[in-house]
Amino acid sequence: MKALVFEKQGTENLKVVDVEKPEPKEGEALIKVKMAGMNPIDNMIINAIPGIKPMPHIAGAEFAGVVEKIGDGVTSVSKGNRVAVYNRHFDGSCDMCRNGMEMLCRNGYIMGVLSNGGFSEYVSVRQENLAKLQDGTSWEIAASLPVAALTAYHAVKRGGLKNGETAVVLGASGNTGQFALQFSKEIGAKTIAVSRKESLAEFGADETIPMQNAQDRINTITNGRMADFVINSLGEKFWNESFLMLGSNGRLATFGTLTGAQVNFDISGLYSKHATLIGSTGGSLAEFKELASKANSYKVRVWKKFKLEEGMEAVKELSAPERNGRIMLEIG
Ligand SMILES: [Zn+2]
């Protein structure tokens with residue numbers, strides 16, 4: 001089978017080669033990958049995260065496909081099922097797993113980091129990690145569930161966003177931003193997208209505003225209340241701005257550091273606003289299955305689709321300043 005492989009970290013080292021097709025072990029299903037999403041984590045796997053294995057390595061933390069073959073003991077899926085893949089290996093038995101936080105499993109890891117990922121024609125996956133897709137779910141949506149959608153879904157839930165509150169999403173046209181808007185709207189929040197791009201009304205944004213003067217605009221829109229919930233996946237560059245968007249009892253969630261990870265932070269604002277700072281990563285298996293069961297009701301904007309052979313270009317395009325939407329790898 002063909003796979004996008006690197007023997008040494010570095011985008012320039014990516015190449016498509018023939019590798020051995022995996023055989024599903026007991027409890028596993030062999031997935032013929034149809035589509036994979038390109039995310040900052042893949043860029044980090046390919047370029048930065050130490051200790052990646054196995055080597056040579058196949059990245060790809062987000063993918064969906066069709067069950068091609070099942071191993072012994074597999075009962076939850078069968079050949080031909082269309083599935084999305086929960087990308088965390090988990091043991092199901094540690095305290096985190098027992099409390100429904102498989103993404104924090106003490107013996108777990110992300111597919112594509114400590115195992116081969118989905119930038120490949122086939123991947124063998126444990127049946128517990130598979131969610132069947134509703135009829136009509138596009139591959140673009142299916143391959144956006146594991147990282148882009150789930151990360152945003154969990155962060156919005158963790159932020160305790162309620163009907164009638166105001167949510168602000170920074171980087172709103174990005175991978176997670178598009179979904180954060182849709183989930184906030186679904187709850188019944190007033191949603192403000194911060195983006196250089198055109199209106200994001202199609203994803204549920206009530207207002208789309210540029211970062212410049214965003215604080216003043218939010219002040220006007222909310223009649224001085226400011227935001228109840230802010231999602232900032234951009235990191236360093238807009239950290240202070242995003243904190244200033246928060247109103248009393250506000251919550252600021254972060255799960256990304258696209259512009260860097262080091263910030264200076266005046267904590268007097270934190271306590272005087274009675275604010276909560278939320279770190280969030282991935283989402284639980286239950287949330288993933290919940291998302292898969294209603295995936296048809298969501299939209300995704302795809303900016304560019306690449307073939308596996310164009311993987312190197314796909315990684316590079318992730319940081320293109322003009323990017324407006326997702327980058328996907330069309331594989332099957
Ligand atoms: Zn566990």
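Val168 stands opposite Val230 in strand E14, within a predicted model in which local features need pLDDT of at least 70, side-chain atom pairs count only at pLDDT 80 or more, and totals for chains, interfaces and linings use all residues. Residues are numbered from 1 along each chain as its sequence is written, and side-chain values use heavy atoms, with hydrogens and water left out. Helices (H or I, at least four residues) and strands (E, at least two) are DSSP runs numbered from the N terminus.

Val169 in turn stands opposite Ile231 in E14. Two strands are taken to pair if DSSP finds at least two bridges between them. The pairings that involve E14 are as follows.

| Strand pair | Residues of the partner | Sense | Bridges |
|---|---|---|---|
| E11 and E14 | E11: residues 166-170 | parallel | three bridges |
| E14 and E15 | E15: residues 246-254 | parallel | four bridges |

These strands belong to an open sheet of six strands, ordered E13-E12-E11-E14-E15-E16, with parallel pairing. Strand E13 (207-209) and strand E16 (276-279) are the edge strands, each pairing on one side only. From one strand to the next, the twist averages 20 degrees.

Strand E14 (residues 227-231) is largely enclosed by the rest of the structure, because five of its five residues are buried. Buried here means under 20% relative accessible area, with a 1.4 Å probe and protein chains only.

Together with helix H7 (residues 239-244), E14 and E15 make a right-handed β-α-β unit. Right-handed denotes a path from the first strand over the helix to the second that runs clockwise with the strands pointing away from the viewer.

Two further helices lie across the sheet strands. Helix H4 (residues 145-158) lies across E14 and E16 and runs at about 150 degrees to E14. Helix H6 (residues 214-221) lies across E11, strand E12 (190-194), E13 and E14, at about 160 degrees to E13. Axes are lines fitted to C-alpha atoms, for helices over the stretch in contact (heavy atoms within 4.5 Å), and angles run from 0 to 180 degrees between N-to-C directions.

Helix H1 (residues 40-47) has Ile41, Asp42, Ile45 and Ile46 buried. Seen down the axis of H1, these buried residues fall within an arc of 135 degrees, so they line one face of the helix; the arc is that of the directions from the helix axis to the C-beta atoms.

Technical notes:
Buried < 20%, exposed > 50% of the residue type's maximum accessible area, 1.4 Å probe, protein only.
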